[in-house]
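Reader: Hi, I have a structure open and I would like to go through a few parts of it with you. Could we start with how some of the helices sit together?

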Amino acid sequence: MTLTRRGFLKLSATAALTTAFGGIGLAARPEKAKAAMDRIAQLKPEWSKQTTSICCYCAVGCGLLVNTALSGTKRAINIEGDPDHPINEGALCPKGASIYQLTEGTPGQVNPRLQKVMYRKPYGTKWEVKSWDWALDRIAGNIKRDRDATFALKNAKGQTVNRCEGLASVGSAAFDSEECWAYQAFLRSLGLTFIEHQARICHSASVAALAESFGRGAMTNHWIDIKNSDCILIMGSNAAETHPISFKWITRAQEKGATVIHVDPRFTRTSAKCDIYAPIRSGSDIAFLGGMINYILENDLIFKEYVLNYTNASFIVGDKYDFKDGMFSGFDEATGKYDKSKWAFALDEKGAPKRDNALADPRCVYQLMKKHYSRYTFKNVSAITGTPEDKLLTVYKAYTATGKPDKAGTELYAMGWTQHTVGVQNIRTMSIIQSLLGNMGVAGGGVNALRGEGNVQGSTDQALLYHIIPGYMPTPSTAQPKFDDYLKLIKPVSNDPKSLNWKKNYGKYAVSLLKSFYKNAEPAQAYDWMPKLDAGQNASWLVLFDEMFKGKFKGFFAWGMNPAVSGADSNKTRQALAKLDWMVNVNIFDNETGSFWHGPGMDPAKTKTEVFMLPCAVSTEKEGSITNSGRWMQWRYQGPKPLGDARPDGEIMYELAQKVRELYKKDGGAFPEPVLNMNWEDMGNGHEFDVHKTAKLINGYYLKDVEEKLPDGSVKVHKKGSQVQSFLFLKDDGSTACGNWIYSGSYVGPDPKDNRAAKRSKEQTPAQANVGLYPNWSWSWPVNRRIIYNRASVDQTGKPYAPQKALLAWNAAGKKWDIDVVDGGGAPGAIHPFIMQQHGMAALFGPGLNDGPFPEHYEPMNCPVSSHPFSKVLNNPAAVKFKGDKYDVCDPRFPFVCSTIRVAEHWQTGLMTRWQPWLLEAHPQMFCEMSEELAKLRGVKNGEKVILESGRGTNWAIAIVTKRLKPFIVQGNTVHQVCIPWHFGWRFPKDGGDAANLLTSAVGDANTSIPETKAFMVNVRKA
Ligand code: SF4
């Protein structure tokens, strides 16, 4: 039977009347869903088991119910929204509602999932089916051969690096967090430094910007908290399509009177639900927001008490800082880098930053900021953004009204801000606005990065990235040859007694992490075994593929990823894959990366790369935790067993690691100690991966009996082998092992009932319920704190600024804080609220970034203008570029701005959604949205095929001629913009089109190298 999406919907509706399970998943009202579930519970069906899971797509983290047949096929028979889940309350978006099809395929049709191990030999022209044993043995052999051949004990300067130069990996946010941890441990034990995954190309800019501004790199609030907002600015996101269930909470706020604003190049489904819509040209967000900062400062709209006490507005900046003609002081033309020491604060005799609480000193942050943004006038901003001046004023007025103590405004953003050469500074600009308005650390506030992959928060936390190790500590480099050098780097010193300066504890976390890797080694020895970057080395995504293109790597893992579609400049990426000796591609479906050798422009007979395509389980078929955008660590249970020969990723990587270790045990090899000594026994039984053991290792445990003196003078003994209760108990004497300090407190005892990620109680106090904290549902890092920086929600006496939505209440009698878990201990006013910052303050001035302490508008590298209205510098001078690359600046061959977009029915590269007929029917092929004006100019009609061309490649698309896009007036000229989805690739469906990234440029942000795939230049012509 062939079932279309419409047929499926019809069938579901009918089934609702006739069966116990049907028809409650799609946009079900909670009460109806609940009633249906009650009916199901009464039936007590003995022919299926019901497990809970979490949606594998975006990081809203919606709950699922999975029913699996206990006999017969033993496959899933129904998957739908969990009505008990507090975020989605039973509702699912189209993708979530189609997870049944993702798992089981279409009833009556062959399931298109990978179900066998596939192998393509070098220069082969077809796939061969192989056994797991054969494939893992061969991959292990390849790893050992090439690791041994390319292992470097020293770099060219003779510095110790202990790293494997010939292997690289990308993946994966599709793993559960326990798998992420095991995978990074595996790669680091092999000595890899080129370790990257999705997070680099989606939200790496968020981590750097938010960490610089507030101390931590994560979404500050959480999904349900959006309901507490008085004004919601959605800019850099089309939340209604990319994070559909978020709108449940946006609408909840709107119903209570909140103003919802959408600023976007296109009038989208998000715009349609908003109170105010303002158009903006892609790539001009800093100008738009810089104008808002100017408006706030000119009209004295700041929340002054908050700004004085909780931000660095009053800090005095040292006299080497300067800004002139678009450049900050300290730029070195030869290296393309700034000397950031020029931007340091002036210190007093005690070593703390000098301050002027009157905010009058011309060298204080407040005055320097005022001067910087005075250039962002309505006229200048409008000339850059193309937003009419009256629209700017409407948005500025509405949003800055939240600068009152009892009001809160929130910002929701995603790729629209991150994927730019100024991605980090886009987010920094909003961080400044939120700090000026007192919107950080409060209910209904925050700068909220909408994470787009189910576990991309978790995979980032577990450090599947080249520049960090678990817990957001920097990767060791040659600048810290010894562990003592490393400890000096990671432990900042503050001389302000009110600054908690939490990072001073990092020594305990680093030692405990090294003990989790190598529990029988001394920390200094374990540190020596860690691979080291060269000082200042960039080993991020774009560099990785550039090095691959130049032939550096022999072997490569593309695990749970599809870089042939997701990477900027796809042609270059695909050619790079052909330079490899071998590649391991682990995925649910065949994809453009694993099949690159028979893709467009490839001749299999001339392509050497040996390819292993390994089938992995979908999320409903395995157990483990994932962390949603709001930092909720949620446990998923196994429903059906993996289909066919597919296996959970954890099982695959664990067995592969054991095979590699066996080879080293047997034959020896290059620098074998880290391979032989990695702590695999705490991740499994020596043969099989154990997700609970790994979760416990991540939480941390005692390696020996430890005595602890309690406040009443008594002594408590923590027994060897018992779990630590939180990171407060971690030690730097080698007595504790902890895989990730921020997750310490998540699994606090020996039994699964001690696994707090699995908690499903909706119990909360009236005050917690008032703001929707749900502290007993799942677990949130750190220490189950639901809103980070919450100490900024109260004044110096502990009084909430917004009593009607209080996050904290000081209990003077009990000398403790109630409602949420307070950020930092102590009495009201005792410490500064941003405890992860060296000086305890939100950073209006951020001297730690690579491209300036204040955000400045620079054009995208490929842009439609040749001049800047109030600066001599057009593009970000510190952007990450590659030798020989050219950019399209005011190039008449490529006159139109283009941006990549998403639709609700597809996800990321489309790898998972394109194979599902229910979803594909809604969006079957590549399209190009264009304005009626541009269509007229190019003689294109709605539905006709067009060709898009850029300096990197060409692509075809079906024209959607729409009023949703309008031309912009930029510096007096008409600028047209088009938008294309990035969900398509040549592999499937036939005639579906190919990757948007064929057109984009491999140029990166100055701080994180996130590629600029949201703004580039194209031509569009009729096919
Ligand atoms: S894709 Fe996101 S919004 Fe949709 S059901 Fe899944 S988690 Fe929820």
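Reader: In which kind of crossing, left-handed or right-handed, does α6 pass α26?
Author: Before I answer, please keep in mind that this is a predicted model. In it, α6 passes α26 in a left-handed crossing.

Reader: And at what angle do α6 and α26 pack?
Author: The angle between α6 and helix α26, which covers residues 649–667, is about 25°, and their axes are 9 Å apart. That angle makes α6 roughly parallel to α26, because angles under 35 degrees count as roughly parallel.

Reader: Which residues meet there?
Author: From α6, the residues are E179, A182, Y183, F186 and L190, and they meet D649, G650, M653, L656, A657 and V660 of α26. Sorted by class, this contact has 8 nonpolar residues, 1 polar residue and 2 charged ones.

Reader: OK, moving on to α28: how many of its residues are buried?
Author: Helix α28, residues 691–699, is mostly covered, with 7 of its 9 residues buried. Those buried residues are V691, H692, T694, A695, L697, I698 and N699.

Reader: What happens at the start of α28, and what follows the helix?
Author: At the start, a side-chain oxygen of D690 comes to within 3.0 Å of the backbone nitrogen of H692. After the helix comes G700, which has a positive phi, near 110°.

Reader: New topic: is S246 buried or exposed?
Author: S246, which has its place in helix α10 (residues 246–255), is buried, because its relative accessible area is 0%, and buried means under 20%. Its side chain reaches the backbone oxygen of H243 at 2.6 Å. If we leave aside neighbours within four places in sequence, S246 is in contact with V60, W223 and A239.

Reader: Last one, where does D820 lie?
Author: D820 is in the loop between β32 (816–819) and β33 (896–901), and at 3% relative accessibility D820 counts as buried.

Reader: Which residues does D820 touch?
Author: Apart from neighbours within four places in sequence, the contacts of D820 include L773, N784, R786, I787 and L808. A polar atom of the D820 side chain lies 3.0 Å from the backbone nitrogen of I787. As for L808, it is 12 residues from D820 along the chain, and the C-alpha atoms of D820 and L808 are separated by 5.9 Å.

Methods
Residues numbered from 1 in each chain as written. Predicted model: local features only at pLDDT ≥ 70, side-chain atom pairs only at ≥ 80, totals over all residues. Heavy atoms only, no water. Buried < 20%, exposed > 50% of the residue type's maximum accessible area, 1.4 Å probe, protein only. Helix = DSSP H or I, 4+ residues; strand = E, 2+ residues; numbered from the N terminus. Polar contact = N/O pair within 3.5 Å; in protein donor to acceptor, adjacent residues only side chain to side chain. Axes fitted to C-alpha atoms, helices over the stretch in contact; angles between N-to-C directions. Parallel < 35°, antiparallel > 145°, perpendicular 65-115°, else oblique. Left-handed = near helix turned anticlockwise from the far one by under 90°. Contact = heavy atoms within 4.5 Å. Nonpolar A, V, L, I, M, F, W, Y, C, P; charged D, E, K, R; others polar.
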